[in-house]
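Here is a brief report on a structural model. Look over the sequence and the coordinates before reading on.

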Amino acid sequence: MFGPNLPLFPEQASTLAPRVDALLYFLLAVSAFFSLLISISIVVFAIKYRRRSDSERPPLILGSLGLEIFWTAVPLAITMVIFVWGAKLFFVSFYPPPNALEINVVAKQWMWKVQHPEGKSEIDELHIPAGQPVKLLLTSQDVIHDFFVPAFRVKKDVLPGRYTTLWFEASKPGTYHLFCAQYCGTQHSGMVGRIIVMEPPAYATWVGGGGTGGSTTAAGQKLFQTLGCATCHLPTDSGRGPSLVGLIGKTVALQNGRSITADENYLRESILEPRAKIVRGYQPIMPIFKGSVSEEGVLQIISYIKTLTPQAGAQGRK
Amino acid sequence: MSDTPAIHAHQFDDSVQQHEASWLGMWVFLGTEVMFFGGMFLGYTFYRTAYPQGFAAASNHLDIWLGTINTAVLICSSFTMALAVRAGQIGQNRLVKIFLCLTIVLGIVFLGIKFTEYYQKFEEHLVPGWDFRFEGALVSSAEIFFSFYFAMTGMHAVHMIIGISLLTVLIVKTARGRFSASYNTPVELVGLYWHFVDIVWIFLFPLLYLVGRHLG
Amino acid sequence: MSDSVQERRLHYLNASYGLRSWLLTTDHKRIAWLYLISVTFFFFIGGFFATLLRIELLTPQGDLVQAETYNKLFTMHGVTMIFFFLIPSIPAVLGNFLIPLMIGARDLAFPRINLASWYLYIIGGLFTLTAAAAGGVDTGWTFYTPYSSIYSNSQVALTVVGIFVTGFSSILTGLNFIVTIHTMRAPGMTWFRLPLFVWSHYATSIIFILGTPVIAISLTLVALERLFGLGIFNPELGGDPLLFQHLFWFYSHPAVYIMILPGMGVISELIPCFSRKRIFGYNFVAFSSLAIAVLGFLVWGHHMFVSGQSIYAGMIFSFLSMLVAIPSAIKVFNWTATLYKGSVSLDAPMLYALGFIGLFTMGGLTGLFVAALGVDVHVHDTYFVIAHFHYIMVGSAVMAYLGGIHFWWPKMTGRRYPEVLARLAALIIFLGFNLTFFPQFILGYLGMPRRYHVYPPEFQALNVLSSAGASILAVGYVLPLIYLIWSLRYSPVAGMNLWKARGLEWQTPSPPPTDNFEVTPIVVQPAYAYDVLDEPEVIYAPEKAAHV
Amino acid sequence: MNTPHVVSVKLYAAIFGVLLLLTLSTTGMAFVDLGGDWNAVAAVAIAIVKALLVILFFMHVRYSSPLTWLFVGAGFFWLMILFGLTMPDPLARNWLTPVAIR
């Protein structure tokens, strides 16, 4: 608000920001009201009823049930409003819309490695188009980090050994801070970066030009062949392994009677530690790939598996 | 029964109040122990729901018969401990010493069996941190199981050793005639502690030894 | 009792002399003094670390200390202040001294265990100080795995042993209080005549007993993993870092109620005394202490909203966190209502009490910000959270501690303290505190993450404001240290009941005799019976009253 | 009040016998496939019964003051809080609602 060197309020650069700020204003209003109510009553009572003589004997007031119920019910009602409003916002910021642009982010002690689906990769920077939902698939190679963009009002811890997702839709082109918000060691304060929001056409030219390698899904497909996944996982369920066509979001029945919704974490675990969750009707013969596939490799295979939709049919058609 | 005058500390009004205070104090302490072991049981449950197959495979490596015998040994020691407390209440100091000795012997037998099991695990390379080897694909979750196995049974063994040393102190004091029918509180308190350690094992045994045995 | 006679009267301070009489004492009043000295020592060590942090943050670049040292500084600031000052301060100093006096007992139920508690506290302190000297620990006071168990190469194991040992000091204090309050109340002192100070310490003891063991075991598991390679939190083996966070916060959130509940107890004593009026809604204030202790155990997940915890767990914890705010609100409203139609005199303890109410209200309300899921996604792990918990810990708990020390100083030492200087110090602390921590709310919402050694230049202005406030706060804290020590020698002698206060502790001479009461009193008045101030609060049965 | 209540040897022996019996039965039942998670439930249930027997009779809580019951109950109740509020996290981590609420 006071120019670049004394900002008092962060920019609103995502569709979520105004909604979070609205809840903030409500909370500020409630806090201001109660703080003033209490502090003013203290000052007024302290002056009005100041001790005039040592022999004063104030009246006996034991309390009043009515007042107690009143100032239990009113705070309860207000807090419930805050809870529901906050929970709804959290739900919105938790589940990415289906058409989101998927970008993989691997955090490593004190740097961010970003992998665009078209193949472009970046360090400590993330170029995204304005006006389009972007879903980040986050994982860490060592300790817990946290992908935090104040201008978008979003943050999500980045865990080792697991995927966490974070989505936002940038509404205003510009450059915004990226911080690591979970203490991760010596250079924790150096693990910062920039989010560069571009107009969609400018983004298209940027991402198209000079891709370093093939697209992520192409790299995934190559790995899918070289590691021999294709020999067991056929498009139909006739192979030795279950078909992976249209797997994301499907409910998979497991051998021990339970069933699970197939998400990225399930795919990652089944690649690295296949015996953990065996699909019903299949033998536990799949070899462990932990140690022989890097984090980026697993992300590439998963992005390839996501392209296996029923109409795409046999692999390799894309 | 020799009834030495009920002595009580200066801050208490009488020995009934002192006994009440010591009794409640011991139960509050056992409450902290419940939460202390509870933390490990939570970790166990957390991972058993995440890796049921790994826990079953690892649990099948434990010797179920040694575990069952150990549970029986500890229940016997609880029985003799209860009899020792009872003998103390009716002032039969000779019986108190006998039952306390029996409890100590049973405790040592338990620890003996436990350390033979540890030695077996050491030989089978199943000790996490010391070149842990486990055939099959569930090596990671098996290592987590054995980490909990050693953490929980190790902490339990530490509590057994503390219990045995408390019992030896009790025997020495009983021999010196420090206790009587009207002042038997220390024996009761150590009794409570010993029964608690037995209860921890009563839960440890099925959770560690009997996981997925029915799968064969 | 004239002042000159008072000099020769035997009391707990001149009952015996020499180092042995202090280091081997089982008198709860002397143990309170041992705690007072050691707690003050650790407070100023923690404060020293804080000053270094605030100086470093004056500039966006890291030019005072390297990153490694900065990380160790904020970790040691957190560990020292939380485990060695805030948790023991009010219960171990004021609670130890006053609970037997307030319920009419001669001492706590287990005096020797009480001394053992102090020794465990000192041994834990020595472990932590040697860890600091031997290179310090850089994991943050939260010790999150896998950084603390695998990646950090600092003195984690040594510090963990220190905290483990000190944890048992809290457990033993809690055990002592619970048993004493249940079994050793004087005749006539029913539960609903107990001072609210005793109620709040009873609630705190529940947390001591049922919370502390869980952090003991979680830190033990971290130490086992570091020293013996057990794979409990190791992500390589499929270990889940959230398990440690659940175990850690199961204790560490109730721990913040350990820090504030005794402070609330002190305030519930000060407000009625200095407005000379019975507390408004005694039962509600008493039961809200218990409600805070119990609900405090159900809310820890609000520290983990963005940690990858499932969304349903987040919703449960956010809902419960809203409920735990209600008892605190009830207390604040009842204290304010007590002032109504009272006879308010603004002595130093009252200034601290009124400052407490104001700052605690702001601290509590900002708690709603971080409990609301939507806003917490933005403010988690930023300076907003730092400001929130400092408003509760520094603004409220330390204010209540200082208020309590000033209020019971005449009872503990038999001396008054310099009133004008004390009021000045209270104002300096109030102003310095607000200048230090209010700018951090703004910094937090701007998005400045916590534990940052280097920050973007646009945050510098607010950080300079905060550091300026910290220097005023430091001056404010040094003042009481000086004039209270000075008062031991030079302040005029205070009589038995300087403030004309209600409560059994004021019915015995100051400083009290070793056994607290010549004859165990029989209580005949309800708590805070200021409306009948001229009638005696206790009567003394001719022969020893049998325990009712 | 907790007047020390002397329990007859016969009752102690009976409790002791039941405890041994339960130990053998829990080991025996471990080999019988009860389907799904029922084996685990049975094992824990037997352990709870054994623990209750030890607490009520060997530890004299059966004859103690209601205050003792409160203290004993509080310990296990808090354990249930620790389990009850932690386990929803790992168990519900996989419940994904198909549609994102706008």
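This is a predicted model: local features need pLDDT of at least 70, side-chain atom pairs count only at pLDDT 80 or more; totals for chains, interfaces and linings use all residues.

Which residue is the bridge partner of A:Thr175 in β10(A)? The partner is A:Ile196.

Strand β9 of chain A covers residues 174–180, and strand β10 of chain A covers residues 193–198. Five bridges join them, and they run antiparallel.

Both strands sit in an open sheet of five, ordered β4-β10-β9-β6-β7 in chain A. Pairing in this sheet is mixed. The edges are β4 (125–129) and β7 (154–158) of chain A. Each has a single partner strand, so one side of each lacks a neighbour in the sheet. From one strand to the next, the twist averages 20°. Helix α3 of chain A, residues 200–208, packs on the sheet. This helix touches β4 and β10 of chain A, and its direction makes about 130° with that of β4(A).

## Overall form of chain A

Chain A has seven helices and 12 strands. Its C-alpha atoms fill a box of roughly 95 × 55 × 40 Å along the principal axes. The radius of gyration of chain A is 27 Å, whereas a compact globule of 318 residues would have one near 20 Å.

## Contact between chains A and C

Chain A gives 76 residues to this contact, and chain C gives 75 residues. On the side of chain A, the elements that give two or more residues are α1 (16–48), α2 (65–94), β6 (145–149), β7 and β9. The largest share comes from α2(A), with 17 residues.

By class, the residues on the chain A side are 43 nonpolar, 20 polar and 13 charged.

## A helix pair in chain C

Helix α12 of chain C (residues 311–339) packs with helix α13 of chain C (residues 348–371). The angle is about 165°, and the axes are 10 Å apart. Angles over 145 degrees count as roughly antiparallel, so α12(C) is roughly antiparallel to α13(C). The crossing of α12(C) past α13(C) is left-handed.

Residues from α12(C) in this contact include C:Ser318, C:Met322, C:Ala325 and C:Trp335. Across from them, α13(C) contributes residues including C:Phe360, C:Gly364, C:Gly367 and C:Leu368. The contact of α12(C) with α13(C) has eight nonpolar and seven polar residues, with no charged residues.

Notes: Residues are numbered from 1 along each chain as its sequence is written. Chains are lettered from A and ligands numbered from 1 in the order in which they are written. Two strands pair if DSSP finds at least two bridges between them. Helices (H or I, at least four residues) and strands (E, at least two) are DSSP runs, numbered from the N terminus. Axes are lines fitted to C-alpha atoms, for helices over the stretch in contact, and angles run from 0 to 180 degrees between N-to-C directions. Two residues are in contact if their C-beta atoms, placed from the backbone, lie within 7 Å. Ala, Val, Leu, Ile, Met, Phe, Trp, Tyr, Cys and Pro count as nonpolar, Asp, Glu, Lys and Arg as charged, and the others, Gly among them, as polar. Angles under 35 degrees count as roughly parallel, over 145 as roughly antiparallel, 65 to 115 as roughly perpendicular and the rest as oblique. A crossing is left-handed if the near helix is turned anticlockwise from the far one by less than a right angle, and right-handed if clockwise. The radius of gyration is taken over C-alpha atoms; the globule rule is 2.2 Å times the number of residues to the power 0.38.
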